[in-house]
Structure formats: structure tokens, C-alpha cells
Amino acid sequence: MSSPTSATAVMVPRRRRRARRLRAALPFLGPALVAYVVFVLYPMVESIRLSFFEWSGFVGAEQTFVGMRNYVRLFTQDTVFWTALGNSVIWVALSLAVPMLLSLAFAVALDRKLPGRALFRTVFYVPGVLATIAVANIWRWIYNPRYGVSESLAQTLGLEWLQGIQWLGDADIALYAIFGAFVWQAVGTNMVLFLAGLQSVPPELKEAAALDGAGAWQRFRNVTLPSLRPTMVVVVVLTFIGSIKVFDLIVGMTGGGPAQQTQVLALWSYQLSFANNQYGMGNAVATVLLILVIAVVVPYMLWTARREQS
Amino acid sequence: MRRTTSKTLAISVSAAALLAATLTACGSGGSTDEGVTLTYWRLAETNEATGAAFEQIVADFEADHPDIQIQVEERSTDGHKEALRTALGTSGAPDIYWSWAGPGIGGEFVNNGGSLDLTEYYEEYDWESRFNDVSMASITQYGGYHGIPSGFSGAGIYYNKDLFAQAGIAEPPTTYEELVAAADKLSAAGIDAIEFGGTVNWHLMRLLDNILETQCGSEVFDALVRNEASWGSETCVDDSFAEFATWTQEYLIPDWASLDDAQANQLLFSGQAAMVIEGSWFPQVIQNNDADPDAFGVFPFPTGTNRLYGDTSNNYVSPTTEHPDEAAMFLDHLTSTESQTALTEASGARSVNVDVVSDGASRSSLDAAWDEIFDESEGLYAFNDQNLPLAQTTEYWRILNAVASGDIAPDEAGSQFQAFIDQQS
């Protein structure tokens, strides 16, 4: 056991060592830190600041402080905001359910030794590497009510109930039609993450469970799924963040129409700022989006970290 | 250890310098030892002959001024609008840009300091005497001299002659009642009377704009778009939305909400729809789509006010340009009688330069029809996305789309729009 004096004596060199390490690391961290502050932190803070101002976005134009007025207008008068918020919530909920379950199912299926496994993995993954705007174009043509694949298929198969559907023109179904394209694009990427996670499941655990008489479902539920928890956290967080800021697919397929019925928060923020030149309102929407992301992602990550520790 | 620290310091300083250099390089235009580069943003050219004529004009200018390069960037309609709204007022703005001149687009740019006042160049080059009155009015409407005229267009109803004949319509309608009767006849013959692409909101907007002018008359129409009359209390607004709803539900192609303007126009070219409202530039579009211009006719929307529905467009100089003199030199060359004659002969469209006379060689029967429409019209009412401020335009589009799809009752549309205007103010 060391005395307090000797402990202090140890602490001082340790502090010095830390300071010296920091000095050595700083030149390496510096450029990244500068880039982070300039390109991430500053725009974020600036965006929040602008949400309390009225500004047309032109450099020479005056920025007028309006306090909470942009938020009041957003929540009480904006004719599109609540539609956009509702659509964003629907989009996130569907994204956390449909593509995640599908990609997990594909990953489990393609983790087995199947003929053509590599081909299937590639086929499912390819849509994920396409530019989203290209995906939007592909699906716009698929959904074209006169010349699209959907209409041709419906006619060829004689499915009258599927004929003449305005996939992107009917406000009641347009959002879900766009979501179909999103699923097509997103499943492959999540599948690859799950496949990577499945490689970390110890085979001896599965074998032991099988020897103990556990069926396929029990092995999946009690062995595979718990082992996939770290991957699941990553996929859930990435899916949540990616889905709440969905933008380019909507722009490419409907532009938020018809009559703003497929509008989402990220796109509405952009359109208020860049199409309407209402940067204060646009940044207020962006701030709401930021708060939503922080409010969900941070507690979820803390909760998972605590579960991991316990 | 000291040597290592020095090395890391050198690396980090280099990285920072690289970062700074990259940031500095982000910008448009500029000058080098070899000369000046002017950036010029414009709409993508849809006509091959006009595009070639424009390229020759630029090449001629660069040959006459070896120290000046013109870097042209072209975009689609919506892409161009967005690019300008994003870049103007910043260091990324072009030196020269083309834009529609109405208050809702060009006016926003001018009023927000996105345009250089060219008064001194108007005096230096004596530009005022070069252009027609309509074009000059668009230059001086915001005070000073903002921009230099580029074009002026009318918009009317193009129709498929064969489909009109099939439906038993002998002559183009001259009154609104005759137009509705023609639409009825077309529908009765199993023909989609009119087409618009709904995914670009401004296409279908043209129908409502014209119905408003018809139902309200020119004075009330102007008062409405200037926010001097209430959309909520003028009965003609309710009548207009009711008429508009009838058109969209009975005469419009059923899949309007799923198509853009280009896709919808294919239905006109292929004989699947009978009418559309398009501009005096449309004969070129018909030719570009390998359709026969003689198979189509054009007549003004029979509003009864005798005003021409259309717009003016100008080339503006950005106030952030470092080369206003060179920009003025180029604009002088672009609008000169020689350059404008070449453009007019290629496009068939009317020039803003009063000294340009077309020899008629490249003009189609539709261009000749437009000459008559221009000559017989008195005054202009502009597209409403150019009349209304940007935020109001977005709401106007939302409401008209919702009326067209039956989500807003026609008698509620005007008051909803007025409520939005009141909130904005």
C-alpha cells in the first residue's frame, strides 16, 4: 500500500505523461478537429441560430430576430409541417420493421451453404450501391401508369385490380409506393451487416444447443439473436437516422407531391429554405429533426450500453 | 522526440494548408494570367439549331476577345431555379444568369440583391433603343436597370387537328363557352380533352391561371396576384376553382398526377390527348419529338380579356461578379442585331431586338399563328409562379393540386389560400 504522498508523486508524472501524449496527438487530431468544427459543428449551431431569425438566404439580406415565431408558425399555421412529420414517423416505423426483418431473413438464409449463395448475396446487395436518384428513376418508370412494368405485369397476368393504379399520383398510396423502392434499395445493405454479425456467432454454441435438443427456431431465438445484438444496435441506429432524414428518394419520385402528401421533414426543410427562401422556417424544421434524432438515438444507445454492461 | 514532433507538426500544417487551398478553390468565374472566365448559367437548350447558333455566338465573342472565356452551364427548368436560389448572393454565383423576369422569380432575385444595376452600361451601349417596350418594362419594373432582355413568350392552347376533326370541332374556340363545348365533344368521342403533367406543379397551374383570368377579368386578376384583393371574398375565385375542378375531373387525362410535363406532352404528340397549354417555344419541342408541327394548331385561351398569357425573360449580371465590364461586353454581343438574327433564324421565335427581322425561312405555320396572336393581344398576364412570391407559389400549387385530386372543395380553396397569405404578412 502506498502513502498519499507517494500517490501524489505517481499522479504528477501520470498527468505529465497525459499532457505529453495530448501534445503529440494534437497535430494528428487537429486537422480532423478543425474539419469537424467547420463542417459539422458550426453548420449545426448556425442552423439552430437561424431558426430564430427571418432571413431570405441572400448574403446581403438582413437577418431579423423573431424569437420563437418560426416555431409557432410551424406548429400552428404551416399547412404542410404536420403532414411531413406524420409521414416521417410512418417512414421510420416502417423502415425499422420491414427492411430490417427482410434483411435479417435474407442474411440467415444466405448464411447457410446454398448453391449460388454468392450470386444471391450479390443480387440482393446491388441495389444498395446504386445512387438513390437512379433508384428513384428506375421506380418511377416501374410505376408509370401507361408504360410501366407494374402496369404491363398487371395486364399480362390479367390482374384487373392492379391495373390503372396511380402509384405515385394517388395521395393515399404514393408514400407506400415510394417506400417499396426504399425497401428494394435498403435490404441488401442491412443484409450484409447482419451477415457480418452472423459470422461472430460461435458455432460451438449452436452445436451445443442442437445437442441439447433445441430446434431451429429455439437456436435462432436463444443463440443467434442474442449474439446479433451489437449488430442489431448498429442496424437500428443507422436505419433510424437514415430513414428520418429520407430526402432524395422522395425528391426523385414525387418531389413531395401530389399536393404535398408525400412530404417529409428533411425535404420540407430544404424546400422552405431553398424553394421558398424562408431560411428561418427551414432551419426550424431542421432543428425539430435534430431534436427528434437526438431524443431517440441517444437514449437508445445508452439503454443498449447499459444492457451490454449488465 | 523533438524531430518526431516537428514532423507531425509539418504534416498537420500541410493538411491545414491543403484544406484551406481546397476551400479557396471553391468559387466560380475568376481571372488568371491567361485572361478572364465568365460563368453563364442558362436553361438547357431544347432545340438543336438554336443550341448550335448560340454556341457560334459564344465562339465568335471568344474569337473577338481572346482574353475572355465564356463558361456556359445549362440546367432543366426546376434545376435552374434551384441552382440560382442556392447560389445567388454567394461566392458561388455565376457572373451572368438567365431568369424569368416576373416578380415571383426574377423580382425575388433583384429585391434580394441578386442582380447588378446595369444603368451605366445601358448608357454606355445605348441598349434602351435596342429592345421592344414589353422587354424594357421588365428591365425597369423594380427600379434601375436590372438585366438585359433575353426573350418574351406567349402561351396558348395547342391542339391536335385530327382529334378536333374526329370530335366534330370545325374551328378553334373563340369563347370560353365554346372551349368547354369543345372539351365536351372530345370527351363524348372518347378522347382525353387536355393533358398536363402534375409532378411539375407549374404545368397544371397554367389551366387555373387562365380560368382565373377568364372568370375574374384582368383587373381583379391583377389585384389578386398583387395581394390587393382577397382570394377569400372574390366570388370569381370560387367560380374559377369550381371550373378548374370540373376540368380536372372531366376533361383532364386521368393519370395527370403521375406524369411530368414531358411525359404528358407525349400524349399530345401521339394523338392520345387533344390539347395542352404551352408557350410560343413549343413548335421547337414538337419538332424535337419527331412530330409534325402542321398536325397541330394553336389559339389563345379564350379569356375574353384579349391579354396575352406569357412571360418575359432576361439575362442578369450577378453583383458578386469581379468582371462586370466583360459581362456587359458579352451581353452586348449576345443581344446585337447580328447575334439575335442568327438565333431568330435558328429558332423561329421573336427577338427582343427591334431591328431583327426574320426572313421566315425557318418559321413553321405555328410560328406564323403566334405572330397573329402577339399582334392582336393587348397587355400581358404572367404565369402565376412568376407573379406570386415563392412561398405563396408553393401554397398555390398545393391547393390547386388538392382541388384537382378532390382533397379540397373548390369553395374552400380561395379562403385557404387567402389565410396563408394573411399568415405570411
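The model is predicted: local features need pLDDT of at least 70, side-chain atom pairs count only at pLDDT 80 or more, and totals for chains, interfaces and linings use all residues. Residues are numbered from 1 along each chain as its sequence is written, and chains are lettered from A and ligands numbered from 1 in the order in which they are written.

**View 1. Strand S9 of chain B is covered on both faces.** A residue is buried if 20 or more other C-beta atoms lie within 10 Å of its own, exposed if 12 or fewer, and partly exposed in between, with C-beta atoms placed from the backbone. Strands (E, at least two residues) and helices (H or I, at least four) are DSSP runs, numbered from the N terminus. In a regular strand the side chains alternate between the two faces of the sheet. One side of S9(B) holds B:Leu308, B:Gly310, B:Thr312, B:Asn314 and B:Tyr316, and the other B:Tyr309, B:Asp311, B:Ser313, B:Asn315 and B:Val317.

**View 2. S9(B) pairs with S4, S5 and S10 of chain B.** Two strands pair if DSSP finds at least two bridges between them. Strand S4 (residues 96-100) is antiparallel to S9(B), with five bridges; B:Trp100 is partnered by B:Ser313. Strand S5 (residues 148-160) is also antiparallel to S9(B), with six bridges, and B:Pro149 has B:Asn314 as its bridge partner.

**View 3. Helices H3 (residues 81-110) and H10 (residues 229-244) of chain A pack together.** Their axes lie 9 Å apart at an angle of about 145°. Axes are lines fitted to C-alpha atoms over the stretch in contact, and angles run from 0 to 180 degrees between N-to-C directions. Residues in contact (C-beta atoms, placed from the backbone, within 7 Å) include A:Trp91 and A:Leu96 in H3(A), and A:Val236 and A:Phe240 in H10(A).

**View 4. Chains A and B meet through 34 residues of chain A and 34 residues of chain B.** Helices H1 (4-50) and H12 (265-275) of chain A each supply at least two residues of the side of chain A that touches chain B. The largest share, seven residues, comes from H1(A).

Definitions and conventions:
Contact = placed C-beta atoms within 7 Å.
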